[in-house]
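My notes follow in the order I looked things up.

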Amino acid sequence: MRKSATALCQLAAFLFAVTTGSIAALAADDQDHDGKSGGTADHAKFEELKKDFASGPEVTKACLSCHNKAGDQVMHSIHWKWEFQNEKTGQTLGKSHVINAFCGNVAANEPRCTSCHVGYGWTDMAAGPPKDETKVDCLACHDRTGTYTKIATAAGAVPVEPVSPTAKTITGAKAVALDLGKIARSVGLPQRENCGQCHFYGGGGDNVKHGDLSSVLFQPTKAVDVHMDKDGLNFACSKCHVSNEHQWAGSRYDVKAIDTVGTGKPGARRDVATCESCHGASPHPIDTVAGIKLNNHTGRVACQTCHIPSFARGGVATKTKWDWSTAGKLKEGAPYHEEDFTQSDGQHLHTYLSTKGDFEWGENVTPYYAWFDGQVRYTLADETIDPTKTVEINRIKGSPDDPNSRIWPFKRMEGRQAYDAKLNHLVYNHVFGPETDSAFWTNFDWDKAIKAAMEHVGVEYSGDYGFVDTHMYWPITHMVAPKEDALACAECHARDGRLASLAGFYMPGRDHFSWLDIIGYLAIAGALGGVILHGLARVMMRGRTKH
């Protein structure tokens, strides 16, 4: 009874939001096109900002003269620390610690990787992020001119005069000198453009890493993302990833596969970013049998499973395989590249680079499905691996027997990357650093690159390396399709459907038990027989009544 009452309350809250236009109204303060931020201050009138600035930290100093708590708040966030203590698994994670299946690791490659840090000048992972509050990069999240960016290889520094003619931004565009004064006087709430500058370009290029976060989301259509649709709801990222004192809801290191607390409260403050937070646990209309049945699925199937039928949609491909073992080949003594993949917008993408090896790409990719309780456990550099098997860079935890687990869609990245062939550990590698003789992208010498990186982080290295196949999993949560494009029942409830490989539970249409089938057939035959006998009896009795 209590569960029913709760479900009715959640449904009522959702229907109220829909019928009163609350959800549409929530979008009004998001990606507005009129330059209105919803704020209460005109920063163009602040004396502290009425000057020219020569660097990012100078702007931050001016920001902190009013927002005197902001620096400390940011420096306690995962955006700053790049460190996450997972109390459920006991692992210390975050970009500053984990090894991944893309460029491998941040440590030893800082100037390149920390270009996306929300701070300036983080040049050594071991030393931690800068301690000076003026190193916080306020403009990365609050620029409203659309011009602010960072140099791709300068540890978070921004382009100011003089700018090298070869300098590129973190999006790959040619770097030009910024007007920091103009940008500082135009700040506002974060928009998709602010988040996307880094999150859409993870792994070294547009949509390379996540698969469901690409430049398409700057101005997406409804077909690509029903929430971010530029002509519809037009949500900013912060609509779901709400913040409180610069702490953001949602983390891929501690994904909430189920939310029993913050449901049915559109726009409310919360600590997680789930579909249920706005849509409740029974989101489908109950005026049809199909709606009632779909609501029965929400306890075991993540909303994303049906509502994100594929990722890398909209014209930008994602990298699906990366083989580092083939890197280092030269032609006539010089590095070279191949571009044998053409994405739907006509752009040719690298399929081989001497610096990085072989790649594969995909668009409109069908997800990999698994039971997931929100927890992943990473294979860190001190963990022994079995190189005769595919190594799981991060292991998905979940089970059909666990009521907190749901069937979830993932991008499964296939890799082949270096490991210590004697100690059987994954290794760090040093790839970026044009001024050194140990960076792989300069000298194409794996032994030097691995040795330098392992010394940098202080981890033992035997001096003997090899390459091992790897898998890495990325939860798919963005690029939510409109309901008319969601998966139909037959996509899963079929012998060769999308969930054909998921074991440990019975699913109608996919699974068959001979005894159950026999009982079903007998029940159907009995019902038909009963109907026929009943009909014959009625006919015979009608004849007797006439006499």
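I began with the bridge partner of lysine 321, and I found glutamate 414 in strand 15. This is a predicted model, so I read every contact below as a feature of the prediction. Strand 5 and strand 15 pair in the parallel sense, over 3 bridges. I then checked strand 5 against strand 10. That pairing is antiparallel and runs over 5 bridges. Here tryptophan 322 has phenylalanine 359 of strand 10 as its bridge partner. I also looked at burial: strand 5, residues 318-323, has 5 of its 6 residues buried, so I noted the strand as mostly covered.

Next I stayed in strand 15, which spans residues 406-420, and picked arginine 416. Leaving out neighbours within four places in sequence, I listed its contacts as Trp322, Asp323, Trp324, Ser325, Phe467, Val468, Asp469 and Thr470. With aspartate 469, the arginine 416 side chain makes a side-chain polar contact at 3.0 Å. I also took the C-alpha distance from arginine 416 to valine 391. The two are 9.5 Å apart in space and 25 residues apart in sequence.

Then I turned to the nonpolar cores. The largest has 58 residues, and Tyr378 and Met472 have the most contacts inside it. A second, separate core has 21 residues, including Ala140, Tyr148, Leu180 and Val187.

I went back to tyrosine 378 for its contacts beyond four places in sequence. Among them are Leu93, Ile99, Tyr253, Ile393 and Met472.

Helix 3, residues 56-64, was my next stop. I found 7 of its 9 residues buried, and I marked the helix as mostly covered. The buried ones are Gly56, Pro57, Val59, Thr60, Ala62, Cys63 and Leu64. They pack against helix 4 (70-74), helix 7 (138-142) and helix 8 (180-184).

I looked at serine 277 in helix 10, residues 276-279. Serine 277 is buried, because its relative accessibility is 0%. Its side chain makes a polar contact with the side chain of threonine 274, at 2.8 Å.

I counted disulfides and found 0. The cut-off is 2.5 Å. Cysteine 237 itself counts as buried, at 16% relative accessibility. I repeated the check for cysteine 306. Its closest cysteine sulfur is in cysteine 492, 6.1 Å away, and therefore too far for a bond. Cysteine 306 is partly exposed, with a relative accessible area of 25%.

Last, I compared an annotation with the model. The unreviewed UniProt entry gives residues 518-537 as a "transmembrane region". Over residues 518-537 I found 100% helix and 0% strand, with the end C-alpha atoms 28 Å apart.

Note on methods:
Residues numbered from 1 in each chain as written. Predicted model: local features only at pLDDT ≥ 70, side-chain atom pairs only at ≥ 80, totals over all residues. Heavy atoms only, no water. UniProt positions renumbered as here; feature names shortened; annotations may be inferred. Helix = DSSP H or I, 4+ residues; strand = E, 2+ residues; numbered from the N terminus. Contact = heavy atoms within 4.5 Å. Polar contact = N/O pair within 3.5 Å; in protein donor to acceptor, adjacent residues only side chain to side chain. Core = buried A, V, L, I, M, F, W, Y, C linked by side-chain atoms within 4.5 Å. Buried < 20%, exposed > 50% of the residue type's maximum accessible area, 1.4 Å probe, protein only. Pairing = 2+ DSSP bridges.
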